[in-house]
Amino acid sequence: MAAPMERKHDENTEMESEKECVSRFGTKEHWDSAYEGELANFQDIGDVGEIWYGENSMQRILKWVCKNITDKNASIVDLGCGNGVVLVELAKNGYKCLTGVDYSEPAIRLAQTIAKADQLDICYKVADILNANDPILQTPKFNVCIDKGTYDAILLADDDRDKLRKLYREHVNQMLQPEGVLVIVSGNYTQTELTNYFKPEFEVIESIPAPTFSFGGQKGSTVTTLILRTLNKSQSQNTNT
């Protein structure tokens, strides 16, 4: 193990590095560039690209959906779908009404290319769920929203995080049918934090366990995976009082 002094970072350097990371991963330009590269790789060697938070994280989502959403015609949307592999796996499990949205046009082209190669019928759309005027917010409501890292990426933007949280929460609630569910995976926030952030529009109905680690006598998980359910207006008001 390297000695701490070998890091050679003072506090100011670390703050600048963190700021650079925040601004980079929270920008559309970064993701456009990343997915242009992944699209080229897929066309060259058939590599679908990175699975955000790993294969095991995706499998936990798939297992939960297949067990709890038994209607294969349930309307499911993947928010910030990237390469679309979550929806590809759901399609292979027999789900028919699948939509993937991403604000990165190269991501959507990559997802469409992968689905076409597998001869799967999945709808992909360029959409910005934070934009109140985006058509995706006016479409028929979904039964299930899946978010594997998009909430985290949104909050890496160099902007007012409270404002972004509110927009995300309200717009996802708007996209869901009454008692619709949001399956969210976060590598940056704990269950307690997410529970509080999603009030009053949502309530937590389940937490999907992930591998844990111990450090300094404390236990933690590498990622948090929660199932949240929308509350109707009267329930939200009661929760907020």
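The legends below describe close-up views of a predicted model.

**View 1. The largest pocket of the predicted model and the residues around it.** Rolling a probe the size of a water molecule over the atoms shows where empty space is left. The largest pocket has a volume of about 720 Å³. Its lining is made up of 33 residues, and those closest to the centre of the pocket are G80, D102, Y103, T150 and A153. Two or more lining residues come from each of the elements α2 (28-45), β1 (75-79), α4 (85-92), β2 (97-102) and α6 (150-154). Helix α2 supplies the largest share of the lining, with five residues. By residue class, the lining comprises 19 nonpolar, seven polar and seven charged residues.

**View 2. The packing of helix α3 (residues 54-68) against α4.** Two packed helices are described by the angle between their axes and the distance between the axes. For α3 and α4 the angle is about 40°, and the axes lie 11 Å apart. The crossing of α3 with α4 is right-handed. On the side of α3, the contact is made by M58, L62 and V65, while α4 contributes V85, V86, E89 and L90. These contact residues comprise six nonpolar, no polar and one charged.

**View 3. A salt bridge between D32 and K28.** Side chains of opposite charge can pair when their charged atoms come close. In the pair formed by D32 and K28, the closest N and O atoms are 2.8 Å apart. Both residues belong to helix α2, where D32 and K28 are separated by four residues, about one turn of the helix. The count of salt bridges in the model comes to nine, with a cut-off of 4 Å between the side-chain nitrogen and the carboxyl oxygen.

**View 4. The backbone at Q119 and at the peptide bond from K199 to P200.** Most residues other than glycine have a negative phi, and most peptide bonds are trans. Q119 is not a glycine, yet its phi is positive, at about 55°. This residue, Q119, is located in the loop between α5 (105-117) and β3 (123-126). The peptide bond from K199 to P200 is cis, and its omega is near 5°. P200 is placed in the loop that runs between α8 (191-197) and β6 (202-208).

Definitions and conventions. Residues numbered from 1 in each chain as written. Predicted model: local features only at pLDDT ≥ 70, side-chain atom pairs only at ≥ 80, totals over all residues. Heavy atoms only, no water. 1 Å grid on protein atoms, 1.4 Å probe; cavity = no way out; pocket = protein on both sides within 12 Å on 5 of 7 lines; lining within 4 Å. Points joined across faces, edges and corners; volume = space filled by probe spheres on them. Nonpolar A, V, L, I, M, F, W, Y, C, P; charged D, E, K, R; others polar. Axes fitted to C-alpha atoms, helices over the stretch in contact; angles between N-to-C directions. Left-handed = near helix turned anticlockwise from the far one by under 90°. Contact = heavy atoms within 4.5 Å.
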